[in-house]
Amino acid sequence: HKRMSHCAYNKQWDLCQGDLRDLLEFELPALPPKPEKDRVVVFQNLAVLYLRYLQVFRKLEECYDQNDSTHFGRLYRKNTRNQKRDGVARTFGVQFF
């Protein structure tokens, strides 16, 4: 597959950050939805969220792999670790210390 330029990776990084914000907003809407009673629907919704997070993660990983900067790597690890943790916490109603 074709290598992108540094600017293209930065743009992809920014788009991924927006995707993560959108996913978190979807998980935590301003008005909480009514609880879903159908387990199949709940499973499907969680599966879709998981796949969307996985797609974003892979795009971010591609950006990270192409950037040698230590600062970028620290920022990447910190942001993705915190966002994944927060998303899981919201989805499953758990609290991390």
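**Entry 1: helix α1**

The expected span of a helix is 1.5 Å times one less than its number of residues. I looked up α1 with that in hand: it has 22 residues and reaches 32 Å from its first C-alpha to its last, close to the 32 Å expected.

**Entry 2: ground rules**

I am reading a predicted model, where local features need pLDDT of at least 70, side-chain atom pairs count only at pLDDT 80 or more, and totals for chains, interfaces and linings use all residues. Residues are numbered from 1 along each chain as its sequence is written, and side-chain values use heavy atoms, with hydrogens and water left out.

**Entry 3: the overall fold**

I found three helices and zero strands in the protein chain, in the order α-α-α from the N terminus. Here helices (H or I, at least four residues) and strands (E, at least two) are DSSP runs, numbered from the N terminus.

**Entry 4: confidence**

I checked pLDDT, the predictor's confidence in each residue, from 0 to 100. The protein chain has a mean of 76, and 64% of its residues reach 70 or more. Which helix has the lowest mean pLDDT? It is α3 (residues 70-92), at 58, while α2 has the highest, at 89. I note for myself that where pLDDT is low, the predicted coordinates should not be read in detail.

**Entry 5: the core**

I looked up burial next (buried means under 20% relative accessible area, exposed over 50%, partly exposed in between, with a 1.4 Å probe and protein chains only). Of the 97 residues in the protein chain, 24% are buried.

A nonpolar core is a set of buried Ala, Val, Leu, Ile, Met, Phe, Trp, Tyr and Cys residues joined through side-chain atoms within 4.5 Å. The largest one has eleven residues, among them Y9, W13, L49 and C63. The elements that give two or more residues to this core are α1 (6-27) and α2 (39-65). With six residues, α1 gives the most.

Why does Q12 count as buried? Because its relative accessibility is 14%. A polar atom of the Q12 side chain lies 3.0 Å from the backbone oxygen of K59.

E27 is buried too, with a relative accessible area of 13%. Its side chain makes a polar contact with the side chain of Y53 (2.2 Å), and Y53 belongs to the largest nonpolar core.

Definitions and conventions:
Polar contact = N/O pair within 3.5 Å; in protein donor to acceptor, adjacent residues only side chain to side chain.
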